[in-house]
Amino acid sequence: MNIFIFKDQQELAQEAARLIIEAWEKKPDLVLGLASGRTPLNLYNCLVQAYQEKRIDFSRIRVFGLDEFKGLNHDHPLSFASYFKENLFNLVNLRPENIFLLDGQAKNIESHCQAYEALITQMGGIDIQILGIGLNGHIGFNEPGSSFGSRTRLQILTEETRAAHLAYFQAMGEETPVMALTMGLATILEAKNILLLATGEEKAQIVQEALEGPVTTSVPASCLQWHPSVYVFLDEPASTFLKRKAFYLHCLKLTWPKKYSLRLF
Ligand code: PGA
């Protein structure tokens with residue numbers, strides 16, 4: 001695992017954008033797996049800025065969404081589709097035919113999920129999967145207990161995950177969804193590279209468990225310890241409880257400024 005600790009969220013986002021731009025320079029038709037949530041927002045802002053400054057071009061980039069609430073259509077303001085439109089898709093030159101999202105209103109969920117997996121394979125697999133981490137260690141909506149062999153599927157949400165989204169749905173006078181469609185852990189592990197982002201002290205405990213604790217389905221993100229090309233970008237507060245923090249900083253000092261050696265082909 002390549003663990004990077006940045007002084008703040010802005011520095012983290014800029015560096016994450018640099019990693020993606022570096023990959024795009026090598027592979028202009030990059031396949032990106034996109035996470036939603038608060039954590040990657042700064043990264044998407046940096047990518048939009050880079051696009052405006054002509055440091056990246058999205059015309060050949062393909063994107064796959066990581067998850068979506070069941071029952072929400074893509075125009076629902078709290079759907080992840082809306083989130084992506086608002087924060088990235090409408091602001092760069094991504095082609096609509098290169099955007100692939102899970103459909104929270106799919107009639108036949110099983111076949112929809114299977115077709116989604118087939119599309120990922122057809123595009124040559126995901127080059128970089130961007131991930132956040134939930135307070136309970138989930139990645140995507142793979143809640144604790146999810147099998148490391150899980151594929152794209154319907155997942156029942158834990159109460160803690162629903163609570164994290166409650167305020168947004170409450171503000172709209174709606175019930176928080178009880179289920180979601182998500183790429184599975186095995187699907188995520190097939191990405192060629194993983195870029196895991198975590199910020200803020202509230203994530204410090206679960207980050208420590210996921211990166212340094214035992215690999216266990218109780219902490220779904222711990223499965224990333226098995227992946228050969230993981231980049232973990234943390235801000236200072238999220239790194240607070242890491243037991244090997246001094247060693248990670250030592251490694252960083254010896255290897256910085258870094259050229260990322262991503263597995264792209
Ligand atoms: P957050 O969500 O980025 O909004 O903290 C992360 C997650 O729950 O996966």
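**Phenylalanine 233 and its aromatic surroundings**

Leaving aside neighbours within four places in sequence, phenylalanine 233 is in contact with Phe4, Phe6, Leu12, Glu15, Ala16, Leu19, Leu195, Leu196, Leu197, Ala198 and Tyr260. These contacts come from a predicted model, and they make a handy starting point for a walk through the structure.

The largest nonpolar core comprises 89 residues, and phenylalanine 233 is among those with the most contacts inside it, together with Ile20, Leu47, Leu195 and Leu234. Helix H1, which spans residues 9–26, gives the most to this core, with 9 residues.

Another pair brings the account back to phenylalanine 233. The ring centres of phenylalanine 233 and tyrosine 260 lie 6.2 Å apart with the planes at 40°, so this pair is tilted. The pair links distant parts of the chain, with phenylalanine 233 in strand S10 (residues 230–235) and tyrosine 260 in the segment after helix H8 (245–255), 27 residues apart. Phenylalanine 233 and tyrosine 260 are both buried.

Attention now turns to helix H5. This helix covers residues 159–171, 13 residues in all, and reaches 18 Å from its first C-alpha to its last, close to the 18 Å expected at 1.5 Å a residue. Even with that span, H5 bends by about 50° at histidine 165. Histidine 165 is also one of the buried residues of H5, the others being Thr161, Arg162 and Phe169. The buried residues of the helix pack against two elements, strand S4 (67–69) and helix H3 (80–87). Just after H5 comes glycine 173, which takes a positive phi of about 70°.

Notes. Residues are numbered from 1 along each chain as its sequence is written. This is a predicted model: local features need pLDDT of at least 70, side-chain atom pairs count only at pLDDT 80 or more; totals for chains, interfaces and linings use all residues. Side-chain values use heavy atoms; hydrogens and water are left out. Rings of Phe, Tyr and Trp (its six-membered ring) pair if their centres lie within 6.5 Å; planes under 30 degrees apart count as stacked, over 60 as edge-to-face and the rest as tilted. Helices (H or I, at least four residues) and strands (E, at least two) are DSSP runs, numbered from the N terminus. Buried means under 20% relative accessible area, exposed over 50%, partly exposed in between (1.4 Å probe, protein chains only). The expected span of a helix is 1.5 Å times one less than its number of residues. The bend at a residue is the angle between axes fitted to the seven residues ending there and the seven starting there. Contact means heavy atoms within 4.5 Å. A nonpolar core is a set of buried Ala, Val, Leu, Ile, Met, Phe, Trp, Tyr and Cys residues joined through side-chain atoms within 4.5 Å.
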